[in-house]
Amino acid sequence: VGGTEQTKNTIYIIDFGLAKCYKSSDGEHIPFRDGKNLTGTARYASINTHIGYEQSRRDDLETIGHVLLYFLKGTLHGKASQEGLRLEVRQHQEKEEGGEDEELCKDQPEEFKEFMHYCRGLSFTQDPDYGYIIGLFEGCMKKNNINPKQPDF
């Protein structure tokens, strides 16, 4: 985020070093694989990434959610610790629906929990409903009297 008065409303994207295509040139989705090593920053990685599953758009969205929550809260409730990560993966594997979303999004607008639950519910090849996601956060901004035309980072 810009650090001067002139750039305070500018967000800089730093790195796409881990980016890859999720579809081939003929439109086929990359194949699902498991047993993969963690790629990316553990703090922000999706639960599926920690389990060792191939990453797809669902994981990118979950990662964005982790980053936004980190911006809002300054922490991810111990998610960065190895024990916190193991606990979150174990909860996911035990199918405790919504439990990790509840703790992660505690004291934040309800829309963040809805977003995280939505992302974690997507299948590997599923096309995310970006219109739904945008509407979710636009509704959150409206409900909290935030004007999206006047960003305040």
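Q: Which residues does Leu61 touch, not counting residues up to four places away in sequence?

A: In soluble globular proteins, nonpolar side chains tend to be buried together. In this predicted model, Leu61 touches Phe115, Cys119, Leu122, Pro128, Tyr130 and Ile133, with residues up to four places away in sequence left aside.

Q: Which residues have the most contacts inside the largest nonpolar core?

A: The largest nonpolar core has 15 residues, and those with the most contacts inside it are Leu61, Leu69, Leu104, Cys105, Phe115, Met116 and Ile133. Two or more residues each are given to this core by H2, helix H5 (110-121) and helix H6 (130-143). H5 supplies the largest share, five residues.

Q: Which residues of H2 are buried?

A: A residue is called buried when its relative accessible area is under 20%. In H2, this applies to Arg57, Arg58, Asp59, Leu61, Glu62, Gly65, His66, Leu69 and Lys73.

Q: Why does Ile64 count as partly exposed?

A: Partly exposed lies between the buried limit of 20% and the exposed limit of 50%. Ile64, a residue of helix H2 (residues 57-73), has 43% relative accessibility and therefore falls in that class. Together with Leu68 and Phe71, Ile64 forms a nonpolar patch on the surface, with about 290 Å² of accessible area for the three together.

Q: What span should the 17 residues of H2 have, and what follows H2?

A: The expected span is 1.5 Å times one less than the number of residues. For the 17 residues of H2 this gives 24 Å, which agrees with the end C-alpha atoms being 24 Å apart. H2 is followed by Gly74, whose phi is positive, near 80°.

How values were computed
Residues are numbered from 1 along each chain as its sequence is written. This is a predicted model: local features need pLDDT of at least 70, side-chain atom pairs count only at pLDDT 80 or more; totals for chains, interfaces and linings use all residues. Side-chain values use heavy atoms; hydrogens and water are left out. Patches are made of residues with over 30% relative accessible area and no salt bridge: like charges are joined within 9 Å, nonpolar side chains (Val, Leu, Ile, Met, Phe, Trp, Tyr) within 5 Å. Accessible areas come from the Shrake-Rupley method with a 1.4 Å probe; for residues, only the protein chains shown count as cover. A salt bridge is a side-chain nitrogen of Lys or Arg within 4 Å of a carboxyl oxygen of Asp or Glu. Helices (H or I, at least four residues) and strands (E, at least two) are DSSP runs, numbered from the N terminus. Buried means under 20% relative accessible area, exposed over 50%, partly exposed in between (1.4 Å probe, protein chains only). A nonpolar core is a set of buried Ala, Val, Leu, Ile, Met, Phe, Trp, Tyr and Cys residues joined through side-chain atoms within 4.5 Å. Contact means heavy atoms within 4.5 Å.
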